[in-house]
Amino acid sequence: MDESTISSHEATVQIGDTTLLRPTSFAALAGELWCLTGPNGSGKTTLLRALGGRLTLTAGSCHLAGRPVDPNQPSQRRLLAALVEPIPVARDLTVAEQISMVAASWFGGGSESRERTSTMLEELGLNDLRDRFPHELSAGQLQLFGLALVLVRPSDVLLLDEPERHLDSARTDRLAELLVRRTQTGTTVIAATHEPRLVEAAHHRLALV
Amino acid sequence: MTAAGERITAVWQIHRRRDGRGSPGGRAYGVYLIALAAALYVVPAGVLVARELGTIGRQTAESDLRPVALACVAACWLGALVLGRFWGPLVMPPFVLHVLQSTDLPPPTYLTRVARRRIIGASLVVTLLAVLLALGINRAFGRIDVVVVSVASALLTGVIAGSCWLIGQLRSGLVVATTGAALLAVSATALVVDLQPIPLATLVAQGASPSVGSDVLLGLAQLAAVAALVGWAAHRAIMLASPDRLARESTRAAQALVFTGTGTFHDALALYRPRPAGLRHALLRHDGRLRGPVAHGVVRALRTPVRAGFGLACLLAGSTLASVGTAWSGAADGLGPTSTWTAGAVLVYLGAGWISETWRSLRDELYLPALLGGRDGGAAVRHTTWPILASLVTGLVGWSASHVLLEATDLARGGPDVAASVLMALTVVVALAARFLREMKVQLPVETLTPIVTPFGDLSGLRVLAWQFDGLLTVMVSVAVLGVATPGSGVIVVAAIAGTCLWWGLERVDRAPWALLLRLRYRTGRTDREISRC
């Protein structure tokens, strides 16, 4: 029986004569951190989109918790969180309000929601920025904000596309620690990255060519 | 996990709280602006309409009012379906939609309450307007039976309109077209058989002496059945909502709101232009040369067939109504002829959008840095042949159709005379000139934002509003001026308006119009120095 949380079997994406993703297979278990590496255009983002159900495969399959990936299934949306495509942030809500809105969408307006928001702001070093609007953030701060929006919600699988983008070395280290801590609670993390520190922290590496 | 309802409520509460940021002074200023606009525009229009409605009820025969009332109801329903295709009730802030779509909640749990709230709001607006119109014509505000049936009928009409709005947003084009055809059939039923499925129209048609008989009550029951059916279809549409489509529409609407808020409403409307498709090689001949300007215009129109169809329908209807309006105004006075004429002019202006795509190209050709390099001139011919030809053909068809309509309705015996025909042609010319002015719009001029200090406060907002709708205003003012002018002086007035529109339109591309005219005449590749030497 397949015990993997998320997996792909000969997943392939082609548009006309162009191959976006060569046949790729892997299976990640609960609590594992996987890094997808490879040069630009090797198919890292394409694989993440396919795993998130945002892209139809030309051949092969992707599975989440033993079932074909289908983001239209509420149970699968409960399992999967992703920062692969840009999030349409609200320009008229502050950082803290937007993070708390995501938390409230899972835990309601009670104390648990507030605690999770505070914890996330603390863990990603966003406390000083909590009352800022998105246009008042730098590129690196926006990246941390995007990560907070994804990490504040519960998930069994996290898909991240270059989570280290625009971050300095100190924040990249903090991010790596945070992701490892998430895996210790049973979350599977799949991250496409060019950052050696994240690759070092990973349990497995999938090199795409 | 917390209950679904509580989670959704919490999300909307956080979103609503952001509205509390505005200062009391800022909110009061918003209320003041709305009150000012209402006092300047809405109240005078309302008084005028109320006065005319009573006249219509007293003077018009039942046989004339029934088709008009039924057409209004059908237009309301079909309009709601079309509106839904562009801006439906489930358009919401993109971030809120993203947050809710990312949860494990089934979409109907968070979409239903939004849809219900907005449909109820829209239904109430339609109900209020319909009741005021009906009772304004009947003058039966004191008749309890008439008021109750009017309100019930208007409410059901509003519910159907609200449901159509949702169906228009969520269902496929085929389903929307089928729903529209079915509702059109319901409206037409009242004309061809002895059934009264729209009692509001029946009461309106009875003019100043309405009576609630068994036929009206039976019609109310029939309308309730139609409302239940359409309401069920709308409810079912929520189950079939496509998350990706909702996200796309919400993002587009958010962009459009930003454009509107920053004074470039034309850019907001541009977001809703359909994407061209098909006929990829139709603009080139077999030997690789470009086809002529007429073929160019036809192919570009056919690449967006739905828009072209609506545009053609608007041009035909507009030309017909303008012709009817000019002929009718020569035979009678009152709101009817003027409204028909104005509606016709506005429809021609709106319908000219699909034939004036080439003027957008002209604007870009003149405004943006040269891309294609020098080539022989003829830009004026390239950019005017198709719009003029298309409007000429549709104008002639509309003018011919107006003969039939005028004969059938007996509004003006013998069809439009020479004077009316000249006025109709001038109306089309003005509408095209106004369209040119609108299509040449680029950025909001900074000077538009400078304060206009008056005893009523800063009225620069009204000037921005006028700039945003300058084409429409030009058409309406021109029709008003033409209404009091003779055909001879009308030609001079229209020549002046059209010339002004042309001049202002060219000025909008930030260059001296004379230099531009020379540029249109000579090689487009000439340098500015060569042009200034000319």
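**A helix and its surroundings**

Helix α4 of chain A, residues 111-123, comprises 13 residues and extends 18 Å from its first C-alpha to its last, close to the 18 Å expected at 1.5 Å a residue. That expected span is 1.5 Å times one less than the number of residues in the helix. Helices (H or I, at least four residues) and strands (E, at least two) are DSSP runs, numbered from the N terminus. The model is a predicted one, in which local features need pLDDT of at least 70 and side-chain atom pairs count only at pLDDT 80 or more, while totals for chains, interfaces and linings use all residues. Residues are numbered from 1 along each chain as its sequence is written, and chains are lettered from A and ligands numbered from 1 in the order in which they are written.

Which residues of α4(A) are buried? They are S113(A), R116(A), T117(A), M120(A) and L121(A). These residues lie on the same side of α4(A), because they cover an arc of only 130 degrees around the axis; the arc is that of the directions from the helix axis to the C-beta atoms. A residue is buried if 20 or more other C-beta atoms lie within 10 Å of its own, exposed if 12 or fewer, and partly exposed in between, with C-beta atoms placed from the backbone. On the other side of α4(A), the exposed residues are S111(A), E115(A) and E122(A). The cover over the buried residues of α4(A) includes α3 (95-107) and α5 (139-151) of chain A, as well as α1 (4-17) of chain B. After α4(A) comes G125(A), with a positive phi near 70 degrees.

E10(A), with phi near 50 degrees, lies in strand β1 (residues 6-15) of chain A. E10(A) counts as exposed because it has 12 C-beta neighbours inside 10 Å. A65(A) has a positive phi of about 50 degrees and is placed in the loop between β4 (59-64) and β5 (67-68) of chain A. With 18 C-beta neighbours inside 10 Å, A65(A) counts as partly exposed.

**The two chains**

Chain A contains seven helices and nine strands. Its radius of gyration is 17 Å, close to the 17 Å that the globule rule gives for 209 residues, so chain A is as compact as a globular protein of that length. The radius is taken over C-alpha atoms, and the rule is 2.2 Å times the number of residues to the power 0.38. Buried residues account for 44% of the 209 residues in chain A. UniProt, in an unreviewed entry, lists residues 6-209 of chain A for "domain: ABC transporter"; such annotations may be inferred rather than shown by experiment. The end C-alpha atoms of this span lie 21 Å apart, and the span is 37% helix and 25% strand.

Chain B has 22 helices and two strands, and 37% of its 534 residues count as buried.

**Where the chains meet**

How many residues of chain B are in contact with chain A? There are 21, and they touch 22 residues of chain A, a contact being a pair of residues whose C-beta atoms, placed from the backbone, lie within 7 Å. On the side of chain B that touches chain A, the elements giving two or more residues are α1 and α4 (94-101) of chain B. α1(B) gives the most, with seven residues.

Methods. Two residues are in contact if their C-beta atoms, placed from the backbone, lie within 7 Å.
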